[in-house]
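The sequence and the model come next, followed by notes on selected sites.

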Amino acid sequence: MKVLGIETSCDECSSAVVEDGEKILSNVIATQIPFHAPWNGVVPEIASRKHTEWIYAVTKEALDKAGLTVADIDAVSVTSRPGLFGSLLVGLSFAKAFAWARNIPFIAVDHMLAHLYAPRLAAENRPEYPFLGLLVSGGHTIICKASNFDDITVLGTTIDDAAGEAFDKVAKYYNFGYPGGKVIDEMARNGDSGAFRFPLPSLHKGDHRFDVSYSGLKTAVINQRDMFRVKKGEVTNEDIAASFQKTAVEIILRALLNAAEDTGLTTIVAGGGVAANSYLRSSLAQRKHLCCIFPPLDLCGDNAAMIAGIGYQYLARGERSPLNVTASARVTGFKKKYP
Ligand code: KG4
Ligand code: ZN
């Protein structure tokens with residue numbers, strides 16, 4: 001079954017064709033980064049307008065690259081939650097119209113579950129359930145037990161900012177560039193991660209054992225930098241980036257390793273934009289008692305292949321979404337339950 005995937009939840013306008021939930025025939029990702037960069041962050045109004053302008057051409061390109069026509073598509077899968085409401089509506093409306101015009105099955109899927117599905121699109125090292133999931137994106141940080149593609153139990157989450165949000169906000173404050181995560185990752189390679197010893201949140205006990213927090217780190221890096229300075233002499237922006245990144249990753253690792261210890265799960269599957277972080281990847285690779293599976297870099301960030309992939313799994317079970325399904329900007333009440 002060839003599924004057309006549509007993803008417009010944030011600032012990537014993406015369309016893909018995936019066969020039988022695993023084989024990527026095309027995955028076109030048109031990034032809006034240059035349009036948001038002057039503001040050092042995503043401007044929702046610009047994002048939805050660009051999606052409206054681009055979605056047709058991006059989908060045409062996805063079909064062309066797969067060597068297919070509209071008639072070859074068997075079903076449509078689209079992100080309907082969570083994300084920027086106006087942006088979600090563009091993809092959702094386009095996907096509905098495509099499915100309705102062709103009278104083919106249509107499914108609306110969850111963006112975060114799709115991130116966790118992304119490693120299954122890689123040619124090798126496909127994860128088997130159950131595993132420990134690490135979802136780290138610009139809007140969410142979730143540590144969960146995944147029993148199936150649509151069955152996850154949230155063990156921990158952020159009590160304030162998401163991991164990617166912390167990278168973005170630090171980069172914005174220091175004018176490092178946009179998007180912050182990738183820029184900080186690159187700068188950190190030439191910095192001294194021991195230049196500052198930033199504090200870790202005290203979340204390792206009781207109910208918060210698997211939770212993370214970034215507001216304290218963010219305040220330390222932005223407002224109280226010199227209180228945590230260890231290095232004598234000149235410090236560079238690269239030193240700030242490296243010290244921040246080290247602490248940001250340690251915060252994730254501490255909660256994640258607690259979860260691995262308590263659940264006994266030894267396979268960890270990561271997803272979301274921050275899963276591209278080189279320090280996170282190398283730190284986890286050193287934990288030889290764990291099997292850590294990361295999506296290939298081009299499937300870490302937002303992409304429609306993961307949407308088509310997970311959509312196939314629902315469709316193969318005979319599930320369909322009604323054409324009056326609507327978008328949802330956030331997922332509420334998911335503290336220990338998601339979606
Ligand atoms: O999954 P994603 O593309 O979009 C959302 O669903 O939010 O994640 C975007 C986030 C941004 O906060 C971005 O700064 C972060 O992922 N990011 C990174 C890296 N590449 C992207 N964070 C740390 N290191 C990276 N290499
Ligand atoms: Zn995402």
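Asp-110 counts as buried because its relative accessibility is 1%; buried means under 20% relative accessible area, exposed over 50%, and partly exposed in between, with a 1.4 Å probe and protein chains only. This is a predicted model, in which local features need pLDDT of at least 70 and side-chain atom pairs count only at pLDDT 80 or more, while totals for chains, interfaces and linings use all residues. Residues are numbered from 1 along each chain as its sequence is written, chains are lettered from A and ligands numbered from 1 in the order in which they are written, and side-chain values use heavy atoms, leaving out hydrogens and water.

Asp-110 sits in strand β5 (residues 106–110); helices (H or I, at least four residues) and strands (E, at least two) are DSSP runs numbered from the N terminus. Its side chain reaches the backbone nitrogen of Met-112 at 2.8 Å, and a polar atom of that side chain lies 3.0 Å from the backbone nitrogen of Leu-113.

The zinc ion (ligand 2) is coordinated by His-111 (NE2), His-115 (NE2) and Asp-302 (OD), at 2.0 to 2.1 Å. Donors are N, O and S atoms within 2.8 Å of the metal (3.2 Å for Na, K and Ca); water is not among the atoms, so sites may look incomplete. Along the chain the donors follow the spacing H-x3-H-x186-D. His-115 in helix α4 and Asp-302 in the loop between β10 (291–293) and α10 (304–316) are 187 residues apart, and the pair links distant parts of the chain. Both residues, His-115 and Asp-302, are buried.

Which residues come nearest to ligand 1? Of the 18 around it, they are Gly-138, Asp-168, Gly-181, Asp-185 and Asn-277; a residue is near a molecule if one of its heavy atoms lies within 4 Å of it.

| Residue | Atom of ligand 1 | Distance |
|---|---|---|
| His-111 | oxygen | 3.1 Å |
| Asn-277 | nitrogen | 3.0 Å |
| Asp-302 | oxygen | 3.1 Å |

Taken alone, ligand 1 exposes 550 Å², and the protein buries 85% of that; accessible areas come from the Shrake-Rupley method with a 1.4 Å probe. At least two residues of the shell come from each of α4 (111–117), α5 (163–174) and α6 (180–188). Domain 1 (2–117 + 300–316) and domain 2 (129–294) each give at least three residues to the shell around ligand 1; the bounds come from an automatic or database domain assignment.

Asp-161 lies in the loop between β8 (151–157) and α5 and is buried, with a relative accessible area of 9%. The side chains of Asp-161 and Lys-218 are joined by a polar contact of 2.6 Å. A polar contact is a pair of N or O atoms within 3.5 Å; within protein, one must be able to donate a hydrogen and the other to accept it, and residues adjacent in sequence count only if both atoms are side-chain atoms.

Some backbone details remain. Most residues other than glycine have a negative phi, and most peptide bonds are trans. A cis peptide bond joins Tyr-129 and Pro-130, with omega about 0°. Asn-175 is not a glycine, yet has a positive phi of about 60°; it is exposed, with a relative accessible area of 58%.
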